[in-house]
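Q: I am new to this protein and would like to go through it with you. Could we look at the model together?

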Amino acid sequence: MNFNCEICQIGFSTKFSLNRHQKSLKYQSGEIKLKLSQCNDCDINFSKKTLLIDYLNKVHGLSINKQIIEFTNVLEFQAWKRDYELKNDIEYIQNTGQKECKDGQRYYYECCRTGIHEVENLKRMIKTQGSKKINQNCTSHIILFESFEGKCVVTFYKEHYGHKEIGLQHIKIPDIKKHEIAAKLSQGVTFKRILDDVRENIGNSLKREDLITRSDLHNIKQKYNLNLKNGQFHKSDATSGDIFLFLIL
């Protein structure tokens with residue numbers, strides 16, 4: 001005997017499973033409490049992203065599948081993540097701190113478009129290219145498990161949902177490019193010269209750094225707190241060292 005949910009028509013083998021499912025939907029008097037994980041076609045909201053993924057796969061025939069990837073250590077994972085982001089014009093952000101578990105700890109990385117755009121006050125307007133937040137959860141995310149021995153296992157959902165494309169304007173400039181620009185600024189290279197060099201070196205495949213503006217350059221200068229006092233380029237010794245490497249290479 002099947003027990004069907006009256007809201008989303010998913011069948012369950014037991015009444016207990018149905019009740020648990022309806023509770024996960026925050027089902028109260030035929031209404032669903034608003035949650036960020038939502039089906040845009042059926043206007044149904046879920047309390048967990050995994051429940052939304054199951055629903056999209058079962059009801060709408062999508063193929064949002066998880067991949068399991070193993071790494072020897074965190075540095076290897078970070079290198080893979082950075083390479084994947086650059087090749088696919090995407091960014092994954094760690095919105096929460098690490099979660100302690102029995103055998104290690106977990107880290108959660110969300111698609112950069114997941115979340116709600118909140119305007120703190122009327123003076124802070126939405127950017128001309130629009131907010132990168134889509135006011136719901138994208139299904140693409142990464143869960144990193146790091147054991148106490150240092151080995152890493154990644155659960156990766158790469159398929160996106162809720163937006164058509166990421167948009168280069170919604171991705172942060174890669175750190176390596178920021179270091180390169182900071183090195184030029186520390187040498188006194190003007191904004192105009194940097195922007196001209198960027199435009200002259202645009203290739204067939206457009207990248208985030210190809211869209212750099214004067215506003216980006218101001219932000220980099222402020223972020224790196226550029227100064228040459230006591231031979232230091234940045235208040236962080238590590239970052240100052242990165243900038244120095246660009247100067248001598």
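Q: Let us start with F77. Is it buried or exposed?
A: This is a predicted model. In it, F77 has a relative accessible area of 1%, so F77 is buried.

Q: How many aromatic pairs does a search of the whole structure find?
A: The search finds 9 aromatic pairs. F77 and Y109 form one that is tilted, with 5.7 Å from centre to centre and 50° between the planes.

Q: Where in the chain do F77 and Y109 sit?
A: F77 is in helix α3 and Y109 is in strand β10 (residues 104–111). They are 32 residues apart, and the pair links distant parts of the chain.

Q: And Y109, buried or exposed?
A: Y109 is buried, because its relative accessible area is 11% and the limit for buried is under 20%.

Q: What about the rings of F71 and W80?
A: Their centres are 5.6 Å apart and their planes stand at 45°, so this pair is tilted. F71 has 8% relative accessibility and therefore counts as buried.

Q: Which residues form the aromatic cluster?
A: One cluster is formed by F71, F77, W80, Y84, Y92, Y109 and F156.

Q: Now the largest nonpolar core. Which of its residues touch the most other members?
A: The core has 18 residues, and those touching the most other members are F77, Y92, Y109, I142, L144, V154 and F156. At least two residues of this core come from each of α3, β8, β10, β11 (141–147) and β12 (152–157).

Q: What is I142 in contact with, leaving aside its neighbours within four places in sequence?
A: I142 is in contact with F77, W80, Y92, Y107, Y108, Y109, V154, T155 and F156.

Q: What does the second, separate core include?
A: That core has 12 residues, including L185, L195, L217 and I220.

Q: Changing topic: what volume does the second largest pocket have?
A: Its volume is about 660 Å³. The pocket is lined by 25 residues, of which R82, E85, L86, P174 and D175 are the closest to its centre.

Q: Which element gives the most to that lining?
A: Helix α3 gives the most to the lining of the second largest pocket, with 6 residues. α3 (74–88), β8 (92–94) and α4 (175–186) each supply at least two residues.

Q: How does the lining of the second largest pocket divide by class?
A: There are 11 nonpolar, 2 polar and 12 charged residues in that lining.

How values were computed
Residues numbered from 1 in each chain as written. Predicted model: local features only at pLDDT ≥ 70, side-chain atom pairs only at ≥ 80, totals over all residues. Heavy atoms only, no water. 1 Å grid on protein atoms, 1.4 Å probe; cavity = no way out; pocket = protein on both sides within 12 Å on 5 of 7 lines; lining within 4 Å. Points joined across faces, edges and corners; volume = space filled by probe spheres on them. Helix = DSSP H or I, 4+ residues; strand = E, 2+ residues; numbered from the N terminus. Nonpolar A, V, L, I, M, F, W, Y, C, P; charged D, E, K, R; others polar. Phe/Tyr/Trp six-rings, centres within 6.5 Å; stacked < 30°, edge-to-face > 60°. Buried < 20%, exposed > 50% of the residue type's maximum accessible area, 1.4 Å probe, protein only. Core = buried A, V, L, I, M, F, W, Y, C linked by side-chain atoms within 4.5 Å. Contact = heavy atoms within 4.5 Å.
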